[in-house]
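Subject: Structure for you to look through

Dear colleague,

I am handing over the structure below, together with some notes on what was found in it. Please keep it open while you read, so that you can look up each place as it is named.

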Amino acid sequence: MRRYVAERLAMCVPVVLGATVVVFSILHLTRGDPARLMLGHRASPERVQEMRQQLGLDQPILVQYVRWLFGALRGDFGTSIVAKRSASEIILERLPFTLQLTIASLVFSTIVGIPIGVLSAVKQYSVVDYLSMSAALFGLSMPGFWLGLMLMLFFGLRLGWLPISGHSGLKSLILPALTLSLPEIAMLARLMRSEMLEVIREEYIMTARAKGLRESLVMYKHALRNAIAPVVVYLFLGIPWLVSGAVVIESVFAWPGMGQLMYRSILAKDFPVVQGFVFVIALLTVVCNLLGDIVTGFLDPRIRLGSHLY
Amino acid sequence: MRTRIRLLTVLGVLLAVALVVGCAPTPGVEPTTAPPAAATEVPTAPPAVSTEAPTAAPTRARLVIGLTEEPEVMDVQQATWSGLPHQQITEPLVMYDFEMKELLPAWLESWEISEDGTAITFHLPPGAKYSNGDVLDAQALADSMWRYANPEISMYPEDLQAMLETNVIDDSTLEVVFSEPQAALWLVLATEWGAPWDAAEAERIGNDEFSRMPVSNGPFELEEWVEGSHMLLVRNEYYETNLPFVENQGPPHLEEVLVRFIPEALTRVSELEAGTVDIIHDIPPSELARLRENADIEILEAPSPGMVYLAINHEREPFDDLRVREAIAMAINRADLVSANEGTVDPVYSLLAPAQICHSEDVEHYAMERYPYDVETAKALLAEAGWTDTDGDGIVDKDGQPLSVEMLVPPDDPPREKSGVVLQAQFQEIGIDVSIEELPYDFITGVLAEGEDYDLALDEMIWNDPDCITWMYDYPRYSNPEVEEKLDQGRYTPDLDERCAIYDEVQTTLIDDLWSVPLFASQRYLGVRTWVTGLTMHGPLDATFFLNDTTIQE
């Protein structure tokens, strides 16, 4: 187990580095000069050149990257070109809003998605099963943007039960979190269902039944426990997705999270902010992967006790 | 069992679909497209829109406004663009009347111009203060002007490049001496750009902090800015103005203005319909018809003081040939652009839109007659320049090379995005193969301003004063010393008729040379709840709001 975790930890470094290198390259090699974007159309070329020097943009790309990387490792992503203050500060200010959204979605998806999946498996081919799976298909197929707008128009405008947009307390969190969680609920439900169905067919379930155990005990103690591992992994992997998927939802609901910030920063070629964000997301992704793997290790004795497969 | 499974699945899906369809809002009634404004119409200056004066006690002291774009910098002297939030925290020195012809006092009480026009004496309201209590006297105003002229701080110091010295005559009298008589400067002084900004406070807290929390002399001051969410403006108790067209020349009736940033159009519109937001900007054409039918909402319209135009790179073959440029101009059917934008834009042929100072109907007619929509002539011109379709593939060619070019189109500006596709088809008709390259609009302006390569580009310029032609002069990589001289002259010719005569000449030359092809001026649509009273909007001046008399009567 320890080796397992160590191996996983070691993988973090190249992944994060790789992500930052890719984004850095894309930002620098595509059109759009931050100095010109910042100074506007009337600034003279000399002024723009001066600004480039000030921002350190005239240095070779490698130098710029290394300089930024050393700063990033200390938590300093540089100074935002647009807002003229610490990029780390800006990201930290907006992060809580995105986290609120993401955590609420996560909690909601888990509470709703997993039981639905289990129920559908236990009552396979029943009305519950069909309705759930149809709804799941719907939730997966409909684009979040559209879903969000529909929910907003119905619950916000037509019924007036919830705020339409903006951050104004717990009530305003409901619609965006719901929209964000719907595809996740769908995925979790389907995954849980298929894992349960697979496990139910295993021989030890037949044995448990033959032993005379109550059906509910068979299902929830034996089947669920073994089926849940992949679902948990998926849950953890979904966290970075939720954070980045929030970009569209944040725009629709005018939620002041990191997603909106990223969109504007990319358009303004605000390198420090965009790179800081990518760094954070890459880190989050590897950490979540790691956590997912660790939890799986605990849940699956084969991994925990160190089988030959590893 | 199998049939039952299938049946239930189908029923389940149908139920889901029914839920969706049932819950969907009724689609907007197809907007009857307004007939494109005939370019021969003489434009009457759009009157300022003013909702009736309040009759009862206001029910709410906070106005909520929904904006599309959040400013990056609130200190206008460090900003590259400005909008409503900047306008509400500052009071400009002067103001234009609603015809954009005469100057009126705004924050200043009055001013005099010397005989030769090079010295302007400003008379300030005595005892005036900035919103934080700092003294706003002649010295403070001078400090503010020098700060604006400082290239280390300001984005547009050239606006004051002719300023030689400032002389404080007494606390409320400031004389500013220029090397030339000022003409283009007045628009700057009539907007937030030329207003007083507290240079002393900037010194105290540093420019970076001041760019986020600036201090000025407007009806409101910036109290709180939660990035990505909103700005809270509160009443400035020190505010005073000499604007003749508002009743209340002291602090506004409203206590607070909450400016919310709502980037998604449908969300903004929903908030307005729900009544949780009182005013919104940028209503998309698809929502107009429905909102107009809503008795609780009033739609305000204002013409854009500027236009969308097609920039052509004169240094790129074959655009260096005037005939090819002429062919392009004559292949454009502006009526199609108008209908692609659902009637929310007005065609323009000259270089100054109706809301801009020195717009000339004569020049507009001249341009229209010189380069009307004429596909046959366009093809003939191309043929004359050596471009014909020798291989029958629909694209003209010359010496074996097809005429294939790239057009930069911004995906983040709907009117231009829609127009790009239409233009592509229109150019295809005369045999020019245009491929669209999408680039955000700021980037496009960057390409033009940086001297980078391009073939064609859709750009937009918004500024009331004809001096803006000088700024974009180089975008098409065009050079004509005569025009340059006249542009310089125009900047410093105070007499309006003389000035406009100069710009008429400039426009005519640039039209003859097909410097670039003007396309259309957009209409702005704003939505206001009818319970907002006493609102004055200066249509031509970038739809600036004056909230001095505004109250809310629910």
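A residue is called buried when its relative accessible area is under 20%. The model is predicted, and with that cut-off in mind we can begin with Asp129(A), which lies in helix α6 (residues 127-141) of chain A. Because its relative accessible area is 1%, Asp129(A) counts as buried. Leaving aside residues up to four places away in sequence, Asp129(A) touches Ser120(A), Lys123(A), Gln124(A) and Arg193(A).

In chain B, helix α3 (residues 138-148) is mostly covered, with eight of its eleven residues buried; among them are Leu141(B), Met145(B), Arg147(B) and Tyr148(B). The elements of chain B that cover these buried residues include the strands β6 (119-123), β7 (163-170) and β8 (173-178), as well as the helices α4 (185-189), α5 (199-205) and α6 (207-212).

Strand β10 (residues 230-235) of chain B is also mostly covered, since five of its six residues are buried. Strand β9 (residues 220-226) of chain B pairs with β10(B) in the antiparallel sense over six bridges, and Glu221(B) stands opposite Val234(B) in that pairing. Three residues lie between the two strands of this hairpin, in which Gly228(B) takes a positive phi near 85°. Strand β10(B) also runs antiparallel to β11 (residues 256-261) of chain B, to which five bridges join it, and there His230(B) has Arg260(B) as its bridge partner.

With best wishes

Note on methods: Residues numbered from 1 in each chain as written. Chains lettered and ligands numbered in written order. Predicted model: local features only at pLDDT ≥ 70, side-chain atom pairs only at ≥ 80, totals over all residues. Heavy atoms only, no water. Buried < 20%, exposed > 50% of the residue type's maximum accessible area, 1.4 Å probe, protein only. Helix = DSSP H or I, 4+ residues; strand = E, 2+ residues; numbered from the N terminus. Pairing = 2+ DSSP bridges. Contact = heavy atoms within 4.5 Å.
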